[in-house]
Amino acid sequence: MDQKRYEKGLERLKQMNNTSTIGSRLMEISPDLNGYIKEFAFGDVHSREGLSARDHELVIISGLCALGFAAEEMRSHINMGLNAGLSRQEILEVFIQLAVYAGFPAAVNATFIAKEVFDARDAKGIKP
């Protein structure tokens, strides 16, 4: 593992106010996978300057919706998207658009996950 890239990924997650437990849970079973995610996904790709943090999250949320099976990651990225400036309505609009291209089941599942995230944030007093 490249320590500099790993630290850059950690910094990016900190900038995004990441509160997901994915990393800590992965550390229990596969520290290497956790490291690769931080190093490559966040240190290399998410940190690229071609898109704003907000737009990175918009793209990621779209991709996760299209996959239709990554609920844990979807929760994490909806939170980070909101932290990066996406509105709830923008996130829901993404799912409506993707109903056409990824299918209604994927859009419905993503919408239900978004509601869970929105409700959890409301219960904690986190805005938006």
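Me: What should I keep in mind about the numbering and the cut-offs?
Reply: Residues are numbered from 1 along each chain as its sequence is written. This is a predicted model, where local features need pLDDT of at least 70, side-chain atom pairs count only at pLDDT 80 or more, and totals for chains, interfaces and linings use all residues, while side-chain values use heavy atoms, with hydrogens and water left out.

Me: How many helices and strands are there in the protein chain?
Reply: You get 7 helices and 0 strands, and the pattern along the sequence reads α-α-α-α-α-α-α. Helices (H or I, at least four residues) and strands (E, at least two) are DSSP runs, numbered from the N terminus.

Me: Why does the radius of gyration agree with a compact globule?
Reply: The radius is taken over C-alpha atoms, and the globule rule is 2.2 Å times the number of residues to the power 0.38. For 128 residues that rule lands near 14 Å, and the protein chain has 15 Å, so the two agree. The C-alpha trace spans about 40 × 35 × 30 Å along its principal axes.

Me: Which residues does Cys 65 contact, leaving aside neighbours within four places in sequence?
Reply: Contact means heavy atoms within 4.5 Å. Cys 65 touches Met 74, Phe 95, Leu 98, Ala 106, Ala 107 and Ala 110.

Me: Why is something called a pocket and not a cavity?
Reply: On a 1 Å grid over the protein atoms alone, a cavity is a set of points where a 1.4 Å probe fits but cannot get out, whereas a pocket is an open set with protein on both sides within 12 Å along at least five of seven lines; lining residues have an atom within 4 Å of a point. The largest pocket has a volume of about 350 Å³, and the residues closest to its centre include Arg 75 and Lys 124. Its volume is the space filled by probe spheres set on the points, which are joined across faces, edges and corners. α5 gives the largest share of the lining, 6 residues.
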